[in-house]
Amino acid sequence: MQRITFFQGESVIHRIDPRARVVVAAVYAVLVAMAVRLDVLGVALGVAAATVAAARLPWRDVLGRLIPLNVFMLLLLVTLPLTSGGEPLFSVGPVGVSRQGLRLAATIAIKGNAIVLALVALLATVEVTALGHALSHLRVPDKLTWLLLFSVRYIDVIHREYRRMAAAMKVRGFRPRANLHTYRTYGHLVGMLLVRSFDRADRVLAAMKCRGFQGRFYVLDHFHFSRRDAAFTLTAGVVLLLMAVAEWTPWA
Amino acid sequence: MGVDQPQITLADVSFSFAPDRPVLRRCCLELRPGQRVGVTGANGSGKSTLLHLIVGLLMPDEGTIEAFGKPRNREADFREVRRRAGLLFQDSEDQLFCPTVAEDVAFGPLNLGRTRGQVHEVVARSLDTLGLAGYEDRVTYQLSGGEKRLVALATVLAMEPDVLLLDEPTAGLDEAVQQRLADLLVGLPQAMLIASHDRAFLQQIATRTEHLRDGHL
Ligand SMILES: Nc1ncnc2c1ncn2[C@@H]1O[C@H](COP(=O)(O)OP(=O)(O)OP(=O)(O)O)[C@@H](O)[C@H]1O
Ligand SMILES: [Mg+2]
């Protein structure tokens, strides 16, 4: 399994109460998704990059996270200017590249990158357990929180189970080929994985019942909202407010 | 409940997963305070099934189960049994479902409505008893098999049960840890039922051994 390690760093951002980070990230994402002004979006991107810098994350890994997004963006960047009509800026052969299309493509690209950068800086730096607890403190429905926590706990177990079965197949001379035997074997493998996970879910529930589980999770450690967290929330609030004002007041 | 009244009584309990293959046939068993009863039997003879029946994870087809002085028939009856009889599962992977060791051990006591102070104390105590001090913040799925076994036992002890039901407690433990576990179990006041293939271990700790064969004890 790919290990996610951004949360292991040491920085001002890492020390901020996860609840504050979740709320700020959510508001930021909504705001940026709704904004259309290029200057505001540019500032938003800058703010996100500054937050990544403050979190002292390795830039190479952060940029690595942006690659899949931008491959997809490239598709939009190529097609949108050609297809959205409007006043042509210049033309390549028979197709006109429109100013509106170019603008739209740029807006989308900036939004996407800004949001991903902000999420990496604010949320990827939270340890998953803490994230689950933060969500449950923020009154996110319990079921969603458990889904997250149990996925984290058992994805590795299921992956190990898969590797064990694959190894067992290999030591008995199985080599994947393009034939029916191979397809049938893969069918069995996936089927077993599903059945086993299902059974395991039953047994885990049994174990939880044995320890008095009655449909409620209690959190062992509580977060402490410190003065530093308040300062962070306030600063972020002001920045977000300024961005909103710049975006939506007619005279700006 | 008198001092010598059995804490757990199985009377003529029968159980099968499939009608044509009975696992247990009219089993009778008594567990009295202070007893440490070993249960042996071949693979698939029904040892785990027996333990699961006692805490109501499975329901008997016939016969009655009495625990802590009351007959237990329905799911609601068994809630109290599960609180007072701590079951160590054969596969610890099933038993440890919280991300960190401390959270997992705390899960039971929190469900029992203990205060945070009490919970932290009982977590520290259970881990300490098993030589796991310092494991609090370890991630459960990254532990070794033997470590998982011990943490699972800690989660059971943290419930402060009156009776222990241990399914293969020594599986995956090295000899030194097995010895420590044996000493620990002998020192505990609780009555216990121990399903195990490990004869030497049972000889060391059990006050009596029952053999399960063809569905009979
Ligand atoms: N969920 C299930 N569905 C159907 N059959 C089952 C199920 N669980 C167990 N069995 C069967 O019931 C019988 C008793 O199983 P059990 O797990 O109690 O054996 P055991 O004595 O604990 O064996 P081991 O020493 O291998 O742990 C076995 O034949 C097994 O195949
Ligand atoms: Mg068993």
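Student: How many bridges join strand 1 of chain B to strand 4 of chain B?

Tutor: Before we count, keep in mind that this is a predicted model. Strands of a sheet pair through backbone hydrogen bonds, either parallel or antiparallel. Here strand 1 and strand 4 of chain B run antiparallel, with B:I8 opposite B:A67 in strand 4. The number of bridges joining the two strands is five.

Student: What is the order of the strands in the open sheet of four strands in chain B, and which strands stand at the edges?

Tutor: The pairing in this sheet is antiparallel, and the order is 2-1-4-5. From one strand to the next, the twist averages 35°.

Student: Which residue is the bridge partner of B:E66 in strand 5 of chain B?

Tutor: Strand 4 of chain B covers residues 62-67, and it pairs with strand 5 in the antiparallel sense over three bridges. In strand 5, the partner of B:E66 is B:P71.

Student: At what angle to strand 5 of chain B does helix 2 of chain B run?

Tutor: Let's look at the helices lying across these strands. Helix 1 (residues 47-54) of chain B lies across strand 1, strand 2 and strand 4, running at about 120° to strand 1 of chain B. Helix 2 (residues 75-84) of chain B lies across strand 4 and strand 5. Its angle to strand 5 of chain B is about 115°.

Student: There's an open sheet of five strands in chain B too, so to speak; is its pairing parallel or antiparallel?

Tutor: Its order is 6-7-8-3-9. At the edges are strand 6 (85-88) and strand 9 (208-212) of chain B, each pairing on one side only, and the twist averages 15° from one strand to the next. Inside the sheet, five bridges join strand 7 (residues 163-167) to strand 8 (residues 191-195) of chain B, with B:D167 opposite B:A195. The pairing is parallel.

Student: Now chain A: how do helix 2 and helix 5 of chain A run, roughly parallel or roughly antiparallel?

Tutor: Helix 2 (residues 18-34) and helix 5 (residues 99-122) of chain A pack with their axes 10 Å apart, at an angle of about 180°. Angles over 145 degrees count as roughly antiparallel. That makes helix 2 of chain A, relative to helix 5 of chain A, roughly antiparallel.

Student: How many residues of that contact between helix 2 and helix 5 of chain A are nonpolar?

Tutor: On the helix 2 side, the contact includes A:V24 and A:Y28, and on the helix 5 side it includes A:I115 and A:L119. Two residues of the contact are charged and none is polar. The nonpolar count is 12.

Student: Which residue of chain B meets A:R200 in a salt bridge?

Tutor: Side chains of opposite charge can pair when their charged atoms come close. A:R200 lies in helix 8 (residues 180-210) of chain A and its partner in helix 3 (residues 92-95) of chain B, so the pair joins two chains. The N to O distance is 2.8 Å, and the partner is B:D94.

Key: Residues numbered from 1 in each chain as written. Chains lettered and ligands numbered in written order. Predicted model: local features only at pLDDT ≥ 70, side-chain atom pairs only at ≥ 80, totals over all residues. Heavy atoms only, no water. Pairing = 2+ DSSP bridges. Axes fitted to C-alpha atoms, helices over the stretch in contact; angles between N-to-C directions. Contact = heavy atoms within 4.5 Å. Parallel < 35°, antiparallel > 145°, perpendicular 65-115°, else oblique. Nonpolar A, V, L, I, M, F, W, Y, C, P; charged D, E, K, R; others polar. Salt bridge = Lys/Arg side-chain N within 4 Å of Asp/Glu carboxyl O.
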